[in-house]
Amino acid sequence: MSPSGALAQSPGSAPAAQAASPLAGALSDPAVWRAYRARFVTEAGRVVDTANGNISHSEGQGYGMLLAVAAGDRGAFERIWGWTRANLMVREDSLFAWRWEPDKRPAVADMNDASDGDVLIAWALVEAAETWNDAGFRMEARRIAVDIGRRLVLFRTASPLLLPAYSGFSAEDRPDGPVINLSYWVFPAFPRLAQIAPEFDWSRLSRSGVDLIGRARFGPAKLPSEWISMKGDAPRPADGFPAVFSYNAIRIPLYLAWAGLGTPENLAPFLDLWNRRDRNGLPVVDVADGRTTEWMTESGFESLPALVACAAQGTAVPAGFAAPQSRDNYYPATIHLMALVAVQMRYRACLGR
């Protein structure tokens with residue numbers, strides 16, 4: 001019998017996601033977290049993007065905070081949050097500058113934010129507040145969530161839209177605006193933000209994102225591009241950006257599955273793409289013609305096909321899923337740990353124990 005009983009179906013059937021278990025403790029192997037922390041988190045709490053000039057960004061700080069909660073490591077959480085607050089909370093609002101560059105002065109040259117980083121940090125603070133019964137974390141989370149709702153979400157449109165940043169993507173900023181990035185819809189965060197900022201309709205934002213994933217299926221592969229114009233009656237690839245399904249967009253099925261929204265229909269384009277591969281790695285796809293333009297070859301990326309097959313079909317994850325390799329750079333290593341946490345929280349039967 002499976003541990004949860006929720007995914008006892010045989011591979012190939014469509015499982016129902018179990019109710020989410022707590023984030024705290026979901027990264028249950030302390031050695032996995034210690035290895036990640038040693039490689040990517042400095043003593044000061046800066047999460048280092050090892051494949052991108054050793055910069056840090058709000059997204060990475062948010063991921064680090066979430067993983068620290070999942071590992072039950074309050075000391076690391078407080079270091080990561082402390083560095084983030086001191087170095088990225090430099091705007092006039094409660095959002096975060098998106099990039100910090102160690103070899104530049106000032107290290108923050110662009111004061112714009114990135115909404116996925118803002119959402120991840122707020123979500124992590126909600127989880128920390130609950131895990132360690134800390135009202136201060138909850139208060140900080142609310143301040144951030146309120147500014148996300150006020151400044152980044154277009155609630156007055158027919159379907160709410162999450163802008164990728166405060167500046168540069170609205171209809172006032174671009175001829176093809178508003179422009180969105182569906183990988184910035186961090187679906188498992190929205191129910192938690194609703195607890196601390198209930199004046200905003202986060203569930204409506206979530207429904208809008210799921211609907212858009214169904215509508216933004218471009219070209220023969222039926223995949224969303226990274227950047228999407230919402231001007232007009234139908235979504236289309238945004239002007240001035242490569243029309244590709246790539247490093248950002250691979251997170252869309254991660255967040256769908258993690259939130260329990262990973263129905264076979266929602267996940268079908270991603271599962272179809274990854275089932276057709278004849279080699280390891282995830283393809284970067286030109287959505288216009290379905291052509292593969294390059295490959296994401298680091299091993300951590302393979303956690304996503306495993307998660308999607310689990311969520312859509314009940315397929316057991318591979319034997320090495322719970323033991324990430326130490327050679328990956330920051331991003332694939334982080335994707336792997338987030339996928340592992342998602343399985344622990346929603347689909348434990350796929351672990352086969």
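Student: At what angle do helix 10 and helix 11 pack, and how far apart are their axes?

Tutor: Before the numbers, a quick word on what you're looking at. This is a predicted model, in which local features need pLDDT of at least 70 and side-chain atom pairs count only at pLDDT 80 or more, while totals for chains, interfaces and linings use all residues. Residues are numbered from 1 along each chain as its sequence is written, and side-chain values use heavy atoms, with hydrogens and water left out.

Now your pair. Helix 10 covers residues 303-313 and helix 11 covers residues 330-346; they pack at about 20°, and their axes are 9 Å apart. An axis here is a line fitted to C-alpha atoms, for helices over the stretch in contact, and angles run from 0 to 180 degrees between N-to-C directions. Helices (H or I, at least four residues) and strands (E, at least two) are DSSP runs, numbered from the N terminus. With that angle, helix 10 is roughly parallel to helix 11; under 35 degrees counts as roughly parallel, over 145 as roughly antiparallel, 65 to 115 as roughly perpendicular, and the rest as oblique. The two helices make a left-handed crossing, meaning that the near helix is turned anticlockwise from the far one by less than a right angle, whereas clockwise would be right-handed.

Who touches whom? On the helix 10 side you'll find Ser303, Leu304 and Leu307, and they meet Ile335, His336, Ala339, Ala342 and Val343 in helix 11; contact means heavy atoms within 4.5 Å. Sort those residues by class and you get six nonpolar, two polar and no charged. For the classes, Ala, Val, Leu, Ile, Met, Phe, Trp, Tyr, Cys and Pro are nonpolar, Asp, Glu, Lys and Arg are charged, and the others, Gly among them, are polar.

Now set that pair beside another one. Helix 2 (residues 58-71) and helix 4 have axes that come within 8 Å and cross at roughly 20°, so these helices are roughly parallel as well. Their crossing is left-handed. From helix 2, the contact includes Gly62, Tyr63, Leu66 and Val69, and from helix 4 it includes Leu120, Ile121, Ala124 and Leu125. In this contact there are 12 nonpolar, four polar and three charged residues.

Helix 4 (residues 115-132) has a further partner, helix 3 (residues 74-87), with an angle of about 145° between them and axes 12 Å apart. This crossing, too, is left-handed. Here Arg74, Phe77, Trp81 and Thr84 of helix 3 meet Ile121, Ala124, Leu125, Ala128 and Trp132 of helix 4. That contact holds seven nonpolar residues, one polar and one charged. Notice Ile121: helix 4 uses this residue in its contact with helix 3, and Ile121 is also on the list for helix 2.

Next, zoom out. The protein has 11 helices and 10 strands. Its radius of gyration is 19 Å, close to the 20 Å that the globule rule gives for 353 residues, so the protein is as compact as a globular protein of that length; the radius is taken over C-alpha atoms, and the rule is 2.2 Å times the number of residues to the power 0.38. The C-alpha trace spans about 50 × 50 × 40 Å along its principal axes. Of the 353 residues, 57% count as buried, where buried is under 20% relative accessible area, exposed is over 50%, and partly exposed is in between (1.4 Å probe, protein chains only).

Among contacts with a separation of 6 or more, 66% are between residues 24 or more positions apart. Beyond its neighbours within four places in sequence, the contacts of tryptophan 295 include Tyr247, Arg277 and Arg279.

Arginine 105 and proline 106 are joined by a cis peptide bond, with omega about 5°, and proline 106 sits in the loop between strand 2 (99-100) and helix 4. Another cis bond runs from glycine 177 to proline 178, with omega near 0°.
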